[in-house]
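Colleague: I would like to learn how to read this model, feature by feature. Where shall we start?

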Amino acid sequence: MEPAAPGHVLLRCLCLALGALGGALGPWRRSGDQEWQKLIMVHHWPATVCKEVENDCRNPPDYWTIHGLWPDKAEECNRSWHFHLEEIKDLLQDMKIYWPDVIHSSPNRSSFWKHEWQKHGTCAAQLDALNSQKKYFGKGLDLYKGLALNSMLQKLGIIPSGNYYQIADIKDALTGLYGVIPKIQCLLPKQGEDIQMIGQIELCFTKDLQLRNCTEPGAIGQGAQLAGAAMNLQVCEDGPVFYPPPQETNR
C-alpha cells in the first residue's frame, strides 16, 4: 500500500480541523437558517396570561414582567449548551421579581428560565454581550429596567381599567415615547366575549442593543405566532382593547 500523497494528507487534516472548529462554535455558526437581525424584549401582562392558561396561576404580579429576550428567526441554536442555575445565582433576586414564571406557582421556577435559555438564549449568544447565561439574563434585566414599561404606561395614563382603550392610541403613545414602533399582541375574544385583551408588548433592539422598530411604518404585523405561540396571541386588531386589572380576568 502506497503512502498518501502529502497534498491529500494536508487536505484531510484541514477538513478535520474545520469540522472540529464548527462543532466548537455550535450550530448557529454553521447554519444560515439560524441567522437573526433583531432582539425582541417581550413583556407580558400576567392577568392576560392567567386568563389564557386558566391553570395553576395564582396571585399573578400586577405589573408587566419579562416573557423573554428573543432573537427573531432563530430558536434552539445549541442544544448541547445546557442551563445551569448556579451561573445566574447573583441575579436570582431580580429574576424572581421581574422574570417570574407567571403560569406555574411551583417553587422550582428555574424550569421557565431553562426553557428561555435553551430556546432563545443559545441564539442570542452570538453576541459577545450575551454569550453566557449570566450575560444573557443580566442584560435582559438591564433592558427591562431601562425601558421601564410599567412606569411609562402609567405616565401616559394607560393603566389597567374596566374601560377600553384604542390599540392605535397605545401604539402611537409608545412610539412617541420610545421613538420606535412596538408590536402589541392580544388575546382575541373567545366565543361569547366581545373584546380583545392586551397580552404582550414587544420592543426591539439591534445587534448593537439600540432600539429599533419592531415593524416598519405601514407594515402588516407578522411573526405573531412565533412570539405568542405559547399563549395563542396575535397582533392586536385595530379597535378597542381591554387592559384587565388582575381581579377582572374572568370578565
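Colleague: Start with strand β4: how many of its residues are buried?

Modeller: Ground rules come with that. This is a predicted model, so local features need pLDDT of at least 70 and side-chain atom pairs count only at pLDDT 80 or more, while totals for chains, interfaces and linings use all residues. Residues are numbered from 1 along each chain as its sequence is written, and side-chain values use heavy atoms, with hydrogens and water left out. Buried means under 20% relative accessible area, exposed over 50%, and partly exposed in between (1.4 Å probe, protein chains only). Strands (E, at least two residues) and helices (H or I, at least four) are DSSP runs, numbered from the N terminus. Now β4, residues 183-187: five of its five residues are buried.

Colleague: Which residues of β4 point one way, and which the other?

Modeller: In a regular strand the side chains alternate between the two faces of the sheet. Here K183, Q185 and L187 go one way. I184 and C186 go the other. Both sets are buried.

Colleague: Which strands does β4 pair with, and in what sense?

Modeller: Pairing takes at least two DSSP bridges between two strands. β4 runs antiparallel to β5 (residues 196-205), with five bridges. Opposite L187 stands M197 of β5. β4 is also antiparallel to β7 (residues 234-235), through two bridges. There C186 has Q234 as its bridge partner.

Colleague: And β5: is it mostly covered or mostly open?

Modeller: Mostly covered: ten of its ten residues are buried. With β1 it forms six antiparallel bridges, and I40 is bridged to C204 of β5. With β8 (residues 240-242) the sense is parallel, over two bridges. M197 faces F242 in that pair. Two antiparallel bridges tie β5 to β6 (residues 211-212), where F205 partners L211. Check the phi angle in that hairpin: five residues separate the strands, and L209 takes a positive phi near 65°.

Colleague: Now a helix: which residues of α3 are buried?

Modeller: α3 spans residues 46-53, and seven of its eight residues are buried. They are P46, A47, T48, V49, C50, K51 and E52. The cover includes β1 (39-44), β2, β4 and β5, judged by contact, which is heavy atoms within 4.5 Å.

Colleague: Which residues have the most contacts inside the largest nonpolar core?

Modeller: A nonpolar core is a set of buried Ala, Val, Leu, Ile, Met, Phe, Trp, Tyr and Cys residues joined through side-chain atoms within 4.5 Å. The largest here has 48 residues, and L39, W99 and F137 have the most contacts inside it. Elements giving two or more residues include β1, β5 and α8 (167-178). α6 gives the most, with six.

Colleague: Which ring does the charged end of K207 sit over?

Modeller: The test wants NZ of Lys or CZ of Arg within 6 Å of the ring centre and within 35 degrees of the ring normal. K207 sits over W36, 4.8 Å from the ring centre.

Colleague: Last one: what does N150 contact?

Modeller: N150 lies in α7 (residues 149-155). Leaving aside neighbours within four places, it contacts Y63, W64 and Y144. A polar atom of its side chain is 2.6 Å from the backbone nitrogen of W64.

Notes:
Polar contact = N/O pair within 3.5 Å; in protein donor to acceptor, adjacent residues only side chain to side chain.
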